Amino acid sequence: MIIIFIGPQGSGKGTQAKYISEKLKLAHISTGDLLRKATGKLKEKVDSYMNTGRLIPDGLMIKIIKERLNKPDCHKGAILDGFPRNIEQAEELDKIIDIDKVIEINISDEEAIRRLGGRLTCRDCGAVYNERTNQPRQKDICDKDGGRLTKRSDDTETAIKARLEIYHKETFPILSHYKDILIKINGENPIEKVTEDILEKLN
Ligand code: AMP
């Protein structure tokens, strides 16, 4: 089973994709996480795009996703979190894999800006917290593995605005490409309620 999660930055799609992939025993492919782990030449290439909130060129992104989908943990299926992000990527994906469901997690821009401003990420396991709405038990320390919590380098005001603009212009329009398999979820509800809604609609 292949499920795509689509939503603006801050919608909680990463948190939900991680939880639901564990629950359904599917691989979790976050293209943002794959790129943040890049080293050497690849890191040099992608850093300037990521830090300014721009999309990595399609050719490179498609190569990365193809390689990742070929890994053995994807044989049972996967949740794609952050791919595709424009119509070119969606059309390329259609050529390599059948998609079962697309989950759109929606929140307003105001809520996205509010959430991203306070987002903290564990630099070891990638768990996501929020300074206001989802605080760790101990300040700046991950509840799960004790890792240090940091702000993402692309969570600056300018980069957040650029990313939301790209979402509306390039990513949102691909939802009509998936209209027959689309599930819409209100991402402004509490995390647990969003998870419940997704699982209910997937059943
Ligand atoms: P995310 O963690 O999903 O918010 O992604 C962080 C950044 O990684 C984005 O702002 C882009 O610069 C880059 N990125 C992630 N996924 C893609 C993609 N499918 N296409 C192009 N760039 C991407």
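Which helices each supply at least two residues of the lining of the second largest pocket? They are α2 and α4 (58-69), where helices (H or I, at least four residues) and strands (E, at least two) are DSSP runs numbered from the N terminus. The structure is a predicted model, in which local features need pLDDT of at least 70 and side-chain atom pairs count only at pLDDT 80 or more, while totals for chains, interfaces and linings use all residues. Residues are numbered from 1 along each chain as its sequence is written, and side-chain values use heavy atoms, with hydrogens and water left out.

**Ligand site**

- Among the polar contacts (pairs of N or O atoms within 3.5 Å), an oxygen atom of the ligand lies 2.9 Å from an N or O atom in the side chain of Arg 36, and a nitrogen atom of the ligand lies 2.9 Å from a polar backbone atom of Gly 82.
- The side chain of Arg 85 has an N or O atom 3.0 Å from a nitrogen atom of the ligand.
- On its own the ligand has 480 Å² of accessible area, and the protein covers 96% of this; such areas come from the Shrake-Rupley method with a 1.4 Å probe.

- On a 1 Å grid over the protein atoms alone, a cavity is a set of points where a 1.4 Å probe fits but cannot get out, a pocket is an open set with protein on both sides within 12 Å along at least five of seven lines, and lining residues have an atom within 4 Å of a point.
- A search of the whole structure finds one cavity of 30 Å³ or more, and the largest cavity holds about 90 Å³ of space, a volume being the space filled by probe spheres set on the points.
- Of the 13 residues that line the largest cavity, Gly 7, Lys 13, Arg 85, Tyr 167 and Thr 171 lie nearest its centre.
- Both β1 (2-6) and α7 (157-171) give two or more residues to this lining, and the largest share, four residues, comes from α7.
- The second largest pocket holds about 240 Å³ of space, and its lining includes Leu 34, Leu 60 and Arg 68.
- Helix α4 supplies the largest share of the lining of this pocket, five residues, and by class the lining has six nonpolar, no polar and five charged residues.

**Strand pairing**

- Two strands pair if DSSP finds at least two bridges between them.
- Strand β5 (residues 119-122) is joined to β7 by two bridges, and Thr 121 stands opposite Thr 150 in β7.
- Strand β4 (residues 101-106) pairs in the parallel sense with β1 over four bridges, and with strand β8 (residues 182-186) in the parallel sense over five bridges.
- Ile 6 stands opposite Glu 104 in β4, while Ile 105 stands opposite Ile 185 in β8.

Technical notes. A polar contact is a pair of N or O atoms within 3.5 Å; within protein, one must be able to donate a hydrogen and the other to accept it, and residues adjacent in sequence count only if both atoms are side-chain atoms. Ala, Val, Leu, Ile, Met, Phe, Trp, Tyr, Cys and Pro count as nonpolar, Asp, Glu, Lys and Arg as charged, and the others, Gly among them, as polar.
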